[in-house]
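Let us walk through this model together, one part at a time.

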Amino acid sequence: MNFLDEIKKQLGGNLKLLRKNRDLSLDRLAQLTGVSKAMLGQIERGDANPSVGTIWKIANGLKISFSSLLASPVSDVTVIRAETVEMLEENNGKYRVYPIFTFDPVRQWEGYRIELDPGCLYNSDSHSSGVEEYMTVIEGELMITVSGTDYTLKSGDSIRFKADQPHDYHNKGEIRTVCQMVIHYTEG
């Protein structure tokens, strides 16, 4: 298989996966993108050689990046070794973020491990409209404030909330708090 054939196959597979994940028919995809149903079907099968303009129309219609349509597939199994994850820190190192699974444009989510030292208060800005956070406390205790309401979570507890508003994370306990966070991006 030559390079162009690989790109066509990748584009077709990504487009089909995106369409199915969003529960779109080819007709509806054609309406959203301005690309004919026949052309979209040919692209999904890897039979077409679409122009850059056509790929842009599809990306714009789906509200995704151009490059996400051409991205290589993710393996069926991905192992992330803790020692390979680059830590980001704020609040003088008291709030640590470990990006475990970086943003996936097809699935529209990213995953993190979060650590807060005792007494740490972290104020998070609002995310874009339609963004949701899913948080599970693994160790310790965490108070999350969303829309002025406090939610206290203990080890094993989880919360989901719309993150398009300011929200705070506060470790009021005496031990480190460790959480798993997933941020999901939906259409607003």
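Helices (H or I, at least four residues) and strands (E, at least two) are DSSP runs, numbered from the N terminus. This is a predicted model, in which local features need pLDDT of at least 70 and side-chain atom pairs count only at pLDDT 80 or more, while totals for chains, interfaces and linings use all residues. Residues are numbered from 1 along each chain as its sequence is written, and side-chain values use heavy atoms, with hydrogens and water left out.

With that in hand, start at the loop between helix H1 (3-21) and H2, where you will find Asp23. Asp23 has a positive phi of about 55° although it is not a glycine. Asp23 counts as exposed, at 70% relative accessibility; here buried means under 20% relative accessible area, exposed over 50%, and partly exposed in between (1.4 Å probe, protein chains only).

Next comes H2 itself. Its buried residues are Leu26, Leu29, Ala30 and Thr33. These residues cover an arc of only 100° around the axis, which puts them on the same side of H2; the arc is that of the directions from the helix axis to the C-beta atoms. After H2 comes Gly34, with a positive phi near 75°.

How do H2 and H3 cross? The axes of helix H2 (residues 26-33) and helix H3 (residues 37-45) come within 9 Å and cross at roughly 110°. Axes are lines fitted to C-alpha atoms, for helices over the stretch in contact, and angles run from 0 to 180 degrees between N-to-C directions. That angle makes H2 roughly perpendicular to H3; angles under 35 degrees count as roughly parallel, over 145 as roughly antiparallel, 65 to 115 as roughly perpendicular and the rest as oblique. On the H2 side, the contact is made by Leu26, Asp27, Leu29, Ala30 and Thr33, and on the H3 side by Lys37, Leu40, Gly41 and Glu44, where contact means heavy atoms within 4.5 Å. Sorted by class, this contact has four nonpolar, two polar and three charged residues. Ala, Val, Leu, Ile, Met, Phe, Trp, Tyr, Cys and Pro count as nonpolar, Asp, Glu, Lys and Arg as charged, and the others, Gly among them, as polar.

Stay with H3 for a moment. Leu40, Gly41, Ile43 and Glu44 are buried in H3, and they cover an arc of only 160° around the axis, which puts them on the same side of the helix. Turned away from that buried side, the face of H3 carries the exposed residues Ala38 and Arg45. Just after H3, Gly46 takes a positive phi of about 80°.

H2 also meets H4. The axes of H2 and H4 come within 8 Å and cross at roughly 100°, which makes H2 roughly perpendicular to H4. Here Leu29, Leu32 and Thr33 in H2 meet Lys57, Ile58, Gly61 and Leu62 in H4.

Which residues of H4 are buried? They are Thr54, Ile55, Ile58, Ala59, Gly61 and Leu62, and they cover an arc of only 165° around the axis, which puts them on the same side of H4. The exposed residues Val52 and Asn60 sit on the face turned away. Ile58 has a relative accessible area of 0% and touches Leu15, Thr33, Val35, Leu40, Ile43 and Leu69, not counting residues up to four places away in sequence.

Finish at Arg160, in strand E8. Arg160 is partly exposed, with a relative accessible area of 48%, and touches Glu132, Glu133 and Tyr134, not counting residues up to four places away in sequence.
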